[in-house]
Amino acid sequence: MQCISIVLPCYRTAKYLRELYRRLVAACEGCDSEFEIIMVDDGSPDECWEIILELAAGDSRVKGIHLSRNFGQHPAICAGLDVASGDVIVLMDADLQDRPEDIPKLISALNDAVDVVYTVKESNREAFLTRITSQIYHRVFSQLTNTQVPQHIGTLRVFTRRFLRSMYLYTERNILVGPLMFHMGFEHAIVQVARDDRQGGSSSYSFRKRLALAIDSLLSYTDLPHRFLILFGGIVLFVTIAYSIGLVVQRIFVTTLPSGLTLLAILLTMSLGATMIGLGVIGIYVFRVYQQVLHRPRYLISRQINLDAKIDRPFLGSLGA
């Protein structure tokens, strides 16, 4: 009998966890499989950990991890994946927008030829700005990485143990699970699912955080910054050469030349700006290399429940003292 591991990063989701647990148990028991529910408290300021302890005390299938502070959604996902023992892994949000009732349908889409099943939303009722920026990001990312990222893709996805073992080979510290999974390839299937409205409150992903995540993924999986700098530098060089040729022609055919101080100042300013942008991009990559060389863990576990004392951590996590 196969085992299903459900990984739930939790941040400001305390009010959803009891209902989420009830629906998950009902959905998974219908699969006629063993299962475990892994809830990762990512340093949430609400009562997430207290509710996780309550659920875990009443059901040993609930595994709880409390991170020492807020490390972010992707390190929290890594913490859950590190302890997942199932043959099939389910990744989903904990705010009840992802429907637990869809899990059996996704698992049934896995087969010998399909290692990962992604979901897309049947209808997108997000805010206009969120919807448009998401579409632009996925379109740009698909073009630059030569992958086909579906529009309206959701967090809810299911993948095999074989796929998870391949994820463990990626040891970069600043890991982004969603872009990484598409970057890996593997045969996949796409299933349309309904996505419920958020029951009160707002997403912790503000526009600023979404923009930072988009920039981080483009830096990690594309060479867009280098292309931009090469293009911008080429434009500046072309304009400079054209201006120099113009000065030579004027010097040959005209005895007096205009001063050209304005254009010269513009070119100098553009060159200085291009240089500073280049240094900034180089600085970003140097800092990322510096972080990688330090070998700092992606997350620290301060407390846990219903888990073995020894935890395998291929994603570079660490159990706190």
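1. Starting with the rings: a search of the whole structure turns up two aromatic pairs. Keep in mind that the model is predicted.

2. Phe 163 also takes part in the other pair, with Phe 186. That one is edge-to-face, at 5.2 Å centre to centre and 70° between the planes. Phe 163 belongs to helix 6 (residues 161-167), while Phe 186 is in the loop between helix 7 (177-184) and strand 7 (188-193), so the contact ties together parts that are 23 residues apart in sequence.

3. Put together, Phe 159, Phe 163 and Phe 186 make one aromatic cluster. How buried or exposed are its members? Phe 159 is buried, at 0% relative accessible area, and Phe 163 is buried too, with 0% relative accessibility. Phe 186 is partly exposed, because its relative accessible area of 32% falls between the 20% and 50% limits.

4. There is also a charge over a ring to look at: the charged end of Arg 69 sits over the ring of Phe 71, 3.9 Å from the ring centre.

5. On to the salt bridges, of which the count is seven. One of them is between the side chains of Arg 23 and Glu 101, at 2.8 Å from N to O. Arg 23 is in helix 1 (residues 14-29) and Glu 101 in the loop between strand 4 (88-91) and helix 4 (103-108), so this bridge ties together parts that are 78 residues apart in sequence. Arg 23 is buried, with a relative accessible area of 14%, whereas Glu 101 is partly exposed, with 38%.

6. Helix 1 turns up again with Glu 29, whose partner Arg 61 is in the loop between helix 2 (48-58) and strand 3 (62-67); the pair links distant parts of the chain, 32 residues apart. The closest N and O atoms of this Arg 61 and Glu 29 salt bridge are 3.7 Å apart. Both ends are partly exposed: Arg 61 has 28% relative accessibility, and Glu 29 has a relative accessible area of 47%.

7. Asp 102 and Arg 99 make another salt bridge, with their closest N and O atoms 3.8 Å apart. Asp 102 is buried, at 8% relative accessibility, and Arg 99 is partly exposed, at a relative accessible area of 25%.

Key. Residues numbered from 1 in each chain as written. Predicted model: local features only at pLDDT ≥ 70, side-chain atom pairs only at ≥ 80, totals over all residues. Heavy atoms only, no water. Phe/Tyr/Trp six-rings, centres within 6.5 Å; stacked < 30°, edge-to-face > 60°. Buried < 20%, exposed > 50% of the residue type's maximum accessible area, 1.4 Å probe, protein only. Helix = DSSP H or I, 4+ residues; strand = E, 2+ residues; numbered from the N terminus. Lys NZ or Arg CZ within 6 Å of the ring centre and 35° of its normal. Salt bridge = Lys/Arg side-chain N within 4 Å of Asp/Glu carboxyl O.
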